[in-house]
Amino acid sequence: MSQPAVLKRDGSTAPFDQARILSALQKAREATDEFPENQVRKIAAVAVDFINKRKSESISVEEIQDVVEFALMSAGYYTTARAYIVYREKHATLRATGNVVVDVNNTIEEYLKQSDW
């Protein structure tokens, strides 16, 4: 079975890259030092295997992150899973805040460009 396409947050698609899961797990492991480095590949393999067994032709970034969380919890690494969840939430907030700032800037620019005020 071929690997699914990844639905990115901006609506575009990209090829599935299991190296990104490996990288995320390595960073999470380094942040908590909860498990030995040799476990990173094993946890990544569990996540990739689950993703590849899905019947869908695509998967969202958020779904991939959910699978990584599940793989961490299934392996019993709850501290790392929690850190990963908190990291995701912080970045979701930053993305949302960034969009608000962009919208405010656009609104101000549109207002300033109006010739009839």
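## A loop residue with positive phi

D33 is located in the loop that connects α1 and α2. The model is predicted: local features require pLDDT of at least 70, side-chain atom pairs count only at pLDDT 80 or more, and totals for chains, interfaces and linings use all residues. Residues are numbered from 1 along each chain as its sequence is written, and side-chain values rest on heavy atoms, with hydrogens and water left out.

Although D33 is not a glycine, its phi is positive, at about 50 degrees. Most residues other than glycine have a negative phi. D33 has a relative accessible area of 58% and is therefore exposed (exposed means over 50%, buried under 20%, partly exposed in between, with a 1.4 Å probe and protein chains only).

## Chain organisation

The chain contains four helices and three strands, where helices are DSSP runs of H or I with at least four residues and strands are runs of E with at least two, numbered from the N terminus. Along the sequence these elements follow the order β-β-α-α-β-α-α.

Of the 117 residues in the chain, 26% are buried. Among contacts (heavy atoms within 4.5 Å) between residues at least 6 apart in sequence, 57% join residues at least 24 apart.

## Packing of α1 on α2

The axes of α1 and α2 are 9 Å apart, and the two helices pack at an angle of about 140 degrees. Such axes are lines fitted to C-alpha atoms, for helices over the stretch in contact, and angles run from 0 to 180 degrees between N-to-C directions. The two helices are therefore oblique to each other; angles under 35 degrees count as roughly parallel, over 145 as roughly antiparallel, 65 to 115 as roughly perpendicular and the rest as oblique. Their crossing is right-handed, a term for a near helix turned clockwise from the far one by less than a right angle, anticlockwise being left-handed.

On the α1 side, Q18, I21, L22, L25, Q26 and R29 take part, meeting V40, R41, I43, A44, A47, V48 and I51 of α2. By class, the residues of this contact comprise nine nonpolar, two polar and two charged. Here Ala, Val, Leu, Ile, Met, Phe, Trp, Tyr, Cys and Pro are nonpolar, Asp, Glu, Lys and Arg are charged, and the others, Gly among them, are polar.

V40 belongs to helix α2 and, at 2% relative accessibility, is buried. Leaving aside residues up to four places away in sequence, V40 touches L22, L25, Q26, R29 and F35.

Q39 and R29 are ten residues apart along the chain, and their C-alpha atoms are separated by 9.2 Å.

## Packing of α2 on α3

Helix α2 (residues 38-53) and helix α3 (residues 61-74) have axes that come within 9 Å and cross at roughly 135 degrees. The pair is therefore oblique, and α2 passes α3 in a right-handed crossing. From α2 the contact draws on I43, V46, A47, F50 and I51, and from α3 on I64, V67, V68, A71 and L72. Its residues divide into ten nonpolar, no polar and no charged.

## The nonpolar core

The largest nonpolar core has 22 residues, and I21, L25 and L72 have the most contacts inside it. A core of this kind is a set of buried Ala, Val, Leu, Ile, Met, Phe, Trp, Tyr and Cys residues joined through side-chain atoms within 4.5 Å. Helices α1 (18-32), α2, α3 and α4 (78-113) each supply at least two of its residues.

L25 touches F35, V40, I43, A44, V68 and L72, when residues up to four places away in sequence are not counted. In soluble globular proteins, nonpolar side chains tend to be buried together.
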